[in-house]
Every structure is written in C-alpha cells, then in structure tokens.
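The following paragraphs lead through a structure, from strand pairing to the ligand and then to charged side chains. Please keep the sequence and the coordinates in view while reading.

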Amino acid sequence: MFDTYDNIVILTGSGISAESGIETFRASDGLWAQHHIDDIATLDGYRKDPDLVYSFYNQRFNQLSAPSIQPNDAHIALAELQRDFSGSVTIVTQNIDNLHERGGANNIIHMHGELVKARCEKTLKLFPYKELSKSLKCPCCKKAGNLRPHIVWFNEMPLFMNDIYKALSNADLFIAIGTSGSVYPAADFVNEANRACAHTIEINLDSTHISENFREHRIGQATEEVRELVDELLSRDRQFF
Ligand code: OAD
C-alpha cells in the first residue's frame, strides 16, 4: 500500500451484507439459484407478471425490515472511515439494502437502486412504501399500477454513472468488497481505477473472475478484513494529519 491517500472509492456487493443474514446472488443457495432472473429482474418479466415481481420484492423488503437483520461490523467500519478519514471516501454499492446507511454511512451511491423505494413510471419520482401491489396508488399521479420497485433490472442502465466515473478518475485507492465481478459495468470499475493509477484492493472470501485486475487481495470474511483495513487506513492517516 502507499503511505497516504486522498480519494478512496469503495465498491460493495452482496458479500458485505452476507454476515448480516442477507443472501448473496450467486452462491449455490443464493437468490439466482432460487429464482429465474428473467421472471423477476427484467422489465419484460414485470410487464408479464407484476404480481410475481411485487411479491419477490415485498419478501426482500420484509426480510430487510426484520429485527434480526442489522448492519455488521464491515458496514460500521466503512461508516467510521467515511467520518474520520481526512480525504474523501465515496461508497458505491450494488446492493439494494440500506445496511450502509443504517451502519452510519452517508451519501451512498446505490447504482442498482434501493429496495426501500418505489418509482413512479410516469414521473420517475421516488417514494417510500410498505407493500407494493397493483392496487397501490402512486402519490404523485394518483393512479394505481404506476409504481414499480426502484431497482435496476437486467438490460437497464445503472444509476449515477457519471458521478461514479468521476470519482474513479480521481481515485488513488479503490477497494472492492464482497462482489463476484460478474456484472458490468461494476466489474470494470477496477480497470477504471487502474487507469487512474490507483492502488486496488479486493476483499472477498475467495478469488473472483476479476481478481487478476487487483494489486492486493485480502481473503476472508468482510467483517474481519474490512475492519482491519479501515483501522490501518485511519492509523496511517492520523500519522500524517
Ligand atoms: P454475487 O452473489 O455475484 O457475489 C457475492 C460475492 O461475495 C462472492 O464473490 C462471494 O465470494 C463474496 N462473499 C460472500 N460472503 C462474503 C463475506 N462474508 N465476506 C466477503 N465476501 C463474501 O453478488 P454481487 O457481486 O453483489 O444486480 O452481484 C452483483 C449484482 O448481480 C447484484 O447487484 C445484482 C445481481 O444480479 C442486480 O440485481 C441488477
């Protein structure tokens, strides 16, 4: 690692929330082993059977609201880094859960959307909801059936891409945590960071499709590896500031 950094960009994936009790996507018992992507994570699937899609996201919403699901030490450590680090810390997540925010982090860039919000298809306004259904009336256009989950589905453009590429072009440290590198454009962020000459660290239980693009690898549980890395970054930062 270099001695100090000014601009840290962090990409998180479902692995960071696994120890909080939320399934990842591509584990052998993960979400995509239990559900067909075309049915519940595409616009076509939604048009064909909105009830099925609503029911899938209502289940995810209820799971996230259960008292047993809490931010873990990896979420909390990243929030501490964001609060105490002298430079900038940008957290981009592919996760639709709100565990970063509940762990104390701010300004999270949810590139794949957010489970706790519904979007009006006509006005694109976002609303909190308790249960999605065909009969739920949209607060802005007062019509039922206009609210869809605020989730980026397959073949849709992820959100905030300009902000993300800008942050990556200024990054001197890029850290990817708990993501398999299977989904683009997120899987390509490490290459963008390499182009900016950033140091790159991958934290994962295992090696991934894109491990070779990182300069440093930390293999282990996110709660342990993220905490250790954050402590290192903050203690180096304090030596210099
Ligand atoms: P995946 O399920 O593809 O990958 C999860 C990664 O987390 C794997 O590489 C695991 O090894 C790792 N992992 C699991 N538990 C961990 C732990 N405790 N500590 C550290 N690492 C751990 O999930 P994502 O990469 O997040 O997109 O998937 C990316 C996107 O694919 C998702 O945002 C979603 C999905 O389709 C959309 O729905 C648009």
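Which residue in S6 is the bridge partner of Ala118? The partner of Ala118 is Pro149. The model is predicted: local features need pLDDT of at least 70, side-chain atom pairs count only at pLDDT 80 or more, and totals for chains, interfaces and linings use all residues. Residues are numbered from 1 along each chain as its sequence is written, and side-chain values use heavy atoms, with hydrogens and water left out.

Helices (H or I, at least four residues) and strands (E, at least two) are DSSP runs numbered from the N terminus, and two strands pair if DSSP finds at least two bridges between them. The bridge between Ala118 and Pro149 belongs to the antiparallel pairing of strand S4 (residues 113–120) with S6, which extends over 4 bridges.

Strands of a sheet pair through backbone hydrogen bonds, either parallel or antiparallel. Within this sheet, strand S7 (residues 173–177) and strand S8 (residues 199–204) are joined in the parallel sense over 5 bridges, and Ile177 stands opposite Ile203 in S8. S8 also pairs with S9 in the parallel sense, over 4 bridges; there, Glu202 has His217 in S9 as its bridge partner.

In a regular strand the side chains alternate between the two faces of the sheet. In S9, Glu216 and Arg218 make up the covered face, whereas His217 and Ile219 make up the uncovered one.

The ligand may be considered next. Around the ligand are 22 residues, of which Arg26, Thr179, Ser180, Asn204 and Gln221 come nearest; a residue is near a molecule if one of its heavy atoms lies within 4 Å of it. The shell divides into 8 nonpolar, 12 polar and 2 charged residues. In this division Ala, Val, Leu, Ile, Met, Phe, Trp, Tyr, Cys and Pro count as nonpolar, Asp, Glu, Lys and Arg as charged, and the others, Gly among them, as polar.

One oxygen atom of the ligand is 2.8 Å from a polar backbone atom of Phe25, and an oxygen atom of the ligand is 3.2 Å from a polar backbone atom of Gly178. A nitrogen atom of the ligand is 3.4 Å from a polar backbone atom of Leu205. The protein covers 91% of the 800 Å² of accessible area that the ligand has on its own, as computed by the Shrake-Rupley method with a 1.4 Å probe.

Charged side chains complete the picture. A salt bridge is a side-chain nitrogen of Lys or Arg within 4 Å of a carboxyl oxygen of Asp or Glu, and by this rule the count comes to 12. Arg148 and Glu156 meet in another (2.9 Å, N to O), with Arg148 buried at 4% and Glu156 partly exposed at 24%.

On S9, the covered residues Glu216 and Arg218 meet in a salt bridge (2.9 Å, N to O). Arg218 counts as buried at 11% relative accessibility, and Glu216 is buried at 17%. Elsewhere, salt bridges that share partners join Asp73, Glu80, Arg227 and Asp231 into one network.

Asp237 lies in helix H10 (residues 222–240) and is buried, at 6% relative accessibility. Lys166 lies in helix H8 (residues 161–169) and is exposed, with a relative accessible area of 58%.

Methods. A polar contact is a pair of N or O atoms within 3.5 Å; within protein, one must be able to donate a hydrogen and the other to accept it, and residues adjacent in sequence count only if both atoms are side-chain atoms. Buried means under 20% relative accessible area, exposed over 50%, partly exposed in between (1.4 Å probe, protein chains only).
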